[in-house]
Amino acid sequence: MRKLQCAGLAALLLSGCTSTPQRPCAVGEESFISEQLYFGTETTGGIVGSQQWEDFLARAVTPRFPRGLSVWPASGQWQGANGAITRESSYVLSLIHPDDAHSEEAVRAIAAEYKARFQQEAVLRIKSRVCASF
């Protein structure tokens, strides 16, 4: 009896590992990936200024996502690897794109370029599946 209980418990626990099927989008909508990237502006040499940010958008982001994007200023805080909490101005970049390898690589390249250009420890990336219509 104990073996049967253990087997039943194992089956119940493992059934929680299955993924929930994604709901299809409504008529007139398509499935996309929504990304929000958060770019801090404090660097070891000062602050990423608005002109530097505009240049980064023009050279690193727009060529990779020419069909459109949204960006807005924000302020926030985060804890770096050294344990210190940093409060800083930032920019939020919002992208909607197909779920494909080209877009994935483009987003990774944007974050890597920002970190290298402005000596940043991290760029926060939030990624989710969405349904959208245009």
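1. Phe32 counts as buried, at 12% relative accessibility, where buried means under 20% relative accessible area, exposed over 50% and partly exposed in between (1.4 Å probe, protein chains only). Phe134, with a relative accessible area of 83%, is exposed. The model is a predicted one, in which local features need pLDDT of at least 70 and side-chain atom pairs count only at pLDDT 80 or more, while totals for chains, interfaces and linings use all residues. Residues are numbered from 1 along each chain as its sequence is written, and side-chain values use heavy atoms, with hydrogens and water left out.

2. The whole structure holds 10 aromatic pairs. Rings of Phe, Tyr and Trp (its six-membered ring) pair if their centres lie within 6.5 Å; planes under 30 degrees apart count as stacked, over 60 as edge-to-face and the rest as tilted. Phe32 and Phe134 are edge-to-face because their planes stand at 90°, with ring centres 5.7 Å apart. This pair links distant parts of the chain, 102 residues apart: Phe32 is in strand β1 and Phe134 in the segment after β6 (124–132). Helices (H or I, at least four residues) and strands (E, at least two) are DSSP runs, numbered from the N terminus.

3. Phe56 and Tyr114 also form an edge-to-face pair, 5.1 Å centre to centre with 75° between the planes. Phe56 lies in helix α2 (residues 50–61) and Tyr114 in helix α3, so the pair ties together parts that are 58 residues apart in sequence. Both residues, Phe56 and Tyr114, are buried.

4. The largest pocket has a volume of about 390 Å³. Its lining has 16 residues, and Arg67, Gly68, Ile96, His97 and Pro98 are the closest to its centre. The elements giving two or more residues to this lining are β5 (85–97) and α3 (101–117); β5 gives the most, with four. By class, the lining has eight nonpolar, six polar and two charged residues (Ala, Val, Leu, Ile, Met, Phe, Trp, Tyr, Cys and Pro count as nonpolar, Asp, Glu, Lys and Arg as charged, the others, Gly among them, as polar).

5. On a 1 Å grid over the protein atoms alone, a pocket is an open set of points where a 1.4 Å probe fits, with protein on both sides within 12 Å along at least five of seven lines; lining residues have an atom within 4 Å of a point. A volume is the space filled by probe spheres set on the points, which are joined across faces, edges and corners.

6. The second largest pocket has a volume of about 290 Å³. Tyr38, Gln77, Trp78, Ser90 and Leu124 lie nearest its centre, among 14 lining residues. β4 gives the most to this lining, with five residues.
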